[in-house]
Amino acid sequence: DLELHIQRCQQLSVTVLTDHQDLSNTELKTITNSTAPQQYRIRAKLRSYKPKKLHQSVKLHCSKCNSLQEVPDRDDFDFILRGSAGTASNPELHNTLWYESVTWTTQDQKEREITIHFVKHDELLQFPENTLIMIEGGTLKEIWKLTKRFKCVIPVRSTEDDLELLDLSAPFLLQGNVKYYGCKQCSTPKPMKNLSSMAAEEYPSWEPAEIAQVLGIELLQYVFIMKFTLVDETGPLNAYLMDY
């Protein structure tokens with residue numbers, strides 16, 4: 001029962017913090033009337049906390065514009081993928097010097113066309129665990145299967161001149177079970193041909209931060225945020241926890 005859990009937390013929270021043993025206890029009212037930054041040691045009860053569900057504490061943070069946003073759910077990503085699947089792959093963009101392309105038609109009723117571009121190194125294909133691939137027309141389920149086999153997966157679509165990223169509401173990169181997002185406000189997405197410089201490196205690392213920089217993406221970081229309301233006999237104090 002949530003209420004009993006909260007009551008239990010409140011009972012357990014009537015304690016003295018172990019940090020700053022050299023400081024005497026300070027009343028919350030004194031803290032709220034003081035200018036930051038200061039160090040204090042308090043004795044207080046936990047009256048409430050937000051959010052109630054742990055997964056809601058995870059947000060996306062842009063260090064450039066300092067914005068916070070919700071992590072998009074899988075339905076948002078699926079909707080964007082379905083929208084891009086209607087754009088046919090441009091055959092003129094297949095099989096360049098730095099990637100090899102394969103296209104096939106699915107066996108389902110819609111007979112979708114999927115194209116995967118395998119990025120090469122020294123004009124050779126690498127082992128899957130070292131390979132970055134770009135996919136056009138894939139579903140969420142198909143992309144997740146590919147992330148289990150290949151090091152990096154980037155969903156893309158064709159233009160007349162180059163491959164480009166999807167809407168930044170979708171992750172621009174998937175690596176293992178982690179989705180990487182870019183800030184819509186601070187990013188200036190560049191075409192995929194910019195990745196060719198990384199493919200030409202002696203040992204391409206395919207690190208998300210480096211990929212983001214090359215593609216003009218301001219990488220969003222996952223942060224953990226909670227708000228606690230503390231009380232003592234002098235009043236309440238809101239405390240915020242934010243950590244990477």
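Begin by selecting Arg82, which counts as exposed because its relative accessibility is 54%; here buried means under 20% relative accessible area, exposed over 50% and partly exposed in between, with a 1.4 Å probe and protein chains only. This is a predicted model, in which local features need pLDDT of at least 70 and side-chain atom pairs count only at pLDDT 80 or more, while totals for chains, interfaces and linings use all residues. Residues are numbered from 1 along each chain as its sequence is written, and side-chain values use heavy atoms, with hydrogens and water left out.

**Salt bridges**

Asp78 and Arg82 form a salt bridge whose closest N and O atoms are 2.9 Å apart; the term denotes a side-chain nitrogen of Lys or Arg within 4 Å of a carboxyl oxygen of Asp or Glu. Why are Asp78 and Arg82 separated by about one helical turn? The two residues are four apart in helix α3, which accounts for that separation. Helices (H or I, at least four residues) and strands (E, at least two) are DSSP runs, numbered from the N terminus. In contrast to exposed Arg82, Asp78 is buried, at 19% relative accessibility.

How many salt bridges does a search of the whole structure find? The search finds four. Side chains of opposite charge can pair when their charged atoms come close.

Next, select Arg112 and Glu142, a salt bridge in which the closest N and O atoms are 2.7 Å apart. Arg112 lies in the loop between β5 and β6 (113-119) and Glu142 in helix α4 (residues 140-147), so the pair ties together parts that are 30 residues apart in sequence. Arg112 is buried, with a relative accessible area of 17%, and Glu142 is partly exposed at 23%.

Continue to Arg157 and Glu164, where a salt bridge brings the closest N and O atoms to 3.0 Å. Both partners count as partly exposed: Glu164 has 29% relative accessibility and Arg157 has 26%.

**Aromatic pairs and a charge over a ring**

A search of the whole structure finds two aromatic pairs. Rings of Phe, Tyr and Trp (its six-membered ring) pair if their centres lie within 6.5 Å; planes under 30 degrees apart count as stacked, over 60 as edge-to-face and the rest as tilted. Select Trp98 and Tyr99: the ring centres are 4.8 Å apart and the planes stand at 85°, so this pair is edge-to-face. Trp98 is buried, with a relative accessible area of 13%, and Tyr99 is buried as well, with 2%.

Now select Phe118 and Phe150, a tilted pair with 5.8 Å from centre to centre and 55° between the planes. Which parts of the chain does this pair link? Phe118 is in strand β6 and Phe150 in the loop between α4 and β8 (152-158), distant parts that are 32 residues apart. Both Phe118 and Phe150 are buried.

Move to Tyr49 and Lys52. Lys52 lies over the face of Tyr49, at 4.3 Å from the ring centre; a charge sits over a ring if NZ of Lys or CZ of Arg is within 6 Å of the ring centre and within 35 degrees of the ring normal.

**Backbone features**

Select the bond between Lys50 and Pro51, a cis peptide bond with omega of about -5°. Pro51 is placed in the loop between β2 and β3 (58-61). A cis peptide bond also joins Ala36 and Pro37, with omega of about -5°, and Pro37 is in the loop between α2 (28-32) and β2 (43-50).

Two asparagines come next. Asn66, in the loop between β3 and β4 (68-70), has a positive phi of about 65° although it is not a glycine. Is Asn66 buried or exposed? Asn66 counts as exposed, at 57% relative accessibility. Asn95, in the loop between α3 (74-84) and β5 (99-105), has a positive phi near 55°, again in a residue other than glycine. Asn95 is partly exposed, at 47% relative accessibility.

**A nonpolar surface patch**

Finish with Leu68, Met242 and Tyr244, which form a nonpolar patch on the surface with about 330 Å² of accessible area together. Patches are made of residues with over 30% relative accessible area and no salt bridge; like charges are joined within 9 Å and nonpolar side chains (Val, Leu, Ile, Met, Phe, Trp, Tyr) within 5 Å. Accessible areas come from the Shrake-Rupley method with a 1.4 Å probe; for residues, only the protein chains shown count as cover. Tyr244, in the segment after β13 (235-243), is exposed, with a relative accessible area of 55%.
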